[in-house]
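Dear colleague,

I am handing over the structure we spoke about, and I would be glad if you could look through it alongside the notes below.

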Amino acid sequence: MEPQRRLVEPFYFPGNRVGCLLIHGFSGSPSEMRLMGEGLTKFGWSVLGVKLSGHGTSPEEMAKTNWEDWAKDAEVGVGKLRESCDIVIGVGLSMGGLLALHLGTLGIIDGLITMNAPMILADRRTRFLRFVRPFMTYVEKPRSKPVASVAKSRAASSVTEPKRERFVYERIPVDALISLNRGIRQVRSKLHTIKCPALLMQSTRDLTVNPISVEIIRKKIQQVNPGVIYWEKSGHILTLGQERDEVILKVHEFLQRFVEKKELQQS
């Protein structure tokens, strides 16, 4: 089905000289980040939401792309924000968070925020994709249980995620998943080179990324003393979940502290 253009198009909201590069997740689209972008621009920040190659179109188009393409898209996004901003902060959801970490290893951003960035995927079958590649080209995306069901099964309170407009593929190219795994390994091996301030967020009810991922990242970049926030009521798509407003506020507060510290150093 043809996606609605407003869900898949990149977006730019001009503001002050601090730019937020918003990067969506694997098989997703800018629709995952638009609500956050609209929230941040109300605080006065400049916002650019990129669309990664092969996303927001069709699984067949995604099959033509790989980690190197997505990394390049993120790097180009930094360059675009630099045209109008003195400071650029990478803010990414899921694979978008992995790409923000990638930008951090390159030293081309001033700070980074990750949300449910993968170091270990929850579905262990993804580790063996290279063995099934000769026999299948696409895999169906596992359908996550509603948060309410998960909570009930864990004897926790029943909380449902509010539905938000989002365009995402339900059928995933195997080659793209293999490429994502390669990207995870590459970034993980270079995390120790990150020198910019960082804020790491993780949903405890994430069924896509193993929540231990955030601790792996924290330990690898402990030299920058990253902040870590766990969210108890949200699923994988933290930007559209029940705690989305609080998430936006935490991003805003990180940006405020960054600017205040920068101004103090310059005074």
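Predicted model: local features only at pLDDT ≥ 70, side-chain atom pairs only at ≥ 80, totals over all residues.

The pLDDT averages 89 over the protein, and 86% of the residues score at least 70. Over residues 144-162, however, the pLDDT is below 50, although this stretch has 34 contacts in the model beyond near neighbours in sequence.

The helix pair consists of helix 4, covering residues 67-82, and helix 5, covering residues 95-106, which pack at an angle of about 65 degrees with their axes 10 Å apart. Since angles of 65 to 115 degrees count as roughly perpendicular, the two helices are therefore described as roughly perpendicular to each other, and helix 4 passes helix 5 in a right-handed crossing. On the side of helix 4 the contact is made by Trp 67, Trp 70, Ala 71, Ala 74, Glu 75 and Val 78, while helix 5 contributes Met 95, Leu 98, Leu 99, His 102, Leu 103 and Leu 106. By class, the residues of this contact divide into ten nonpolar, one polar and one charged.

The tryptophan is Trp 231, which lies in strand 9, residues 227-231. Because its relative accessible area is 7%, Trp 231 is buried, the cut-off for that term being under 20%. Leaving aside residues up to four places away in sequence, Trp 231 touches Met 201, Gln 202, Ser 203, Thr 204, Leu 238, Glu 243, Glu 246, Val 247 and Lys 250. One of these, Val 247, is 16 residues apart from Trp 231 in sequence and 8.8 Å apart in space, C-alpha to C-alpha.

Terms used
Residues numbered from 1 in each chain as written. Heavy atoms only, no water. Helix = DSSP H or I, 4+ residues; strand = E, 2+ residues; numbered from the N terminus. Buried < 20%, exposed > 50% of the residue type's maximum accessible area, 1.4 Å probe, protein only. Contact = heavy atoms within 4.5 Å. pLDDT = per-residue confidence, 0-100. Axes fitted to C-alpha atoms, helices over the stretch in contact; angles between N-to-C directions. Parallel < 35°, antiparallel > 145°, perpendicular 65-115°, else oblique. Left-handed = near helix turned anticlockwise from the far one by under 90°. Nonpolar A, V, L, I, M, F, W, Y, C, P; charged D, E, K, R; others polar.
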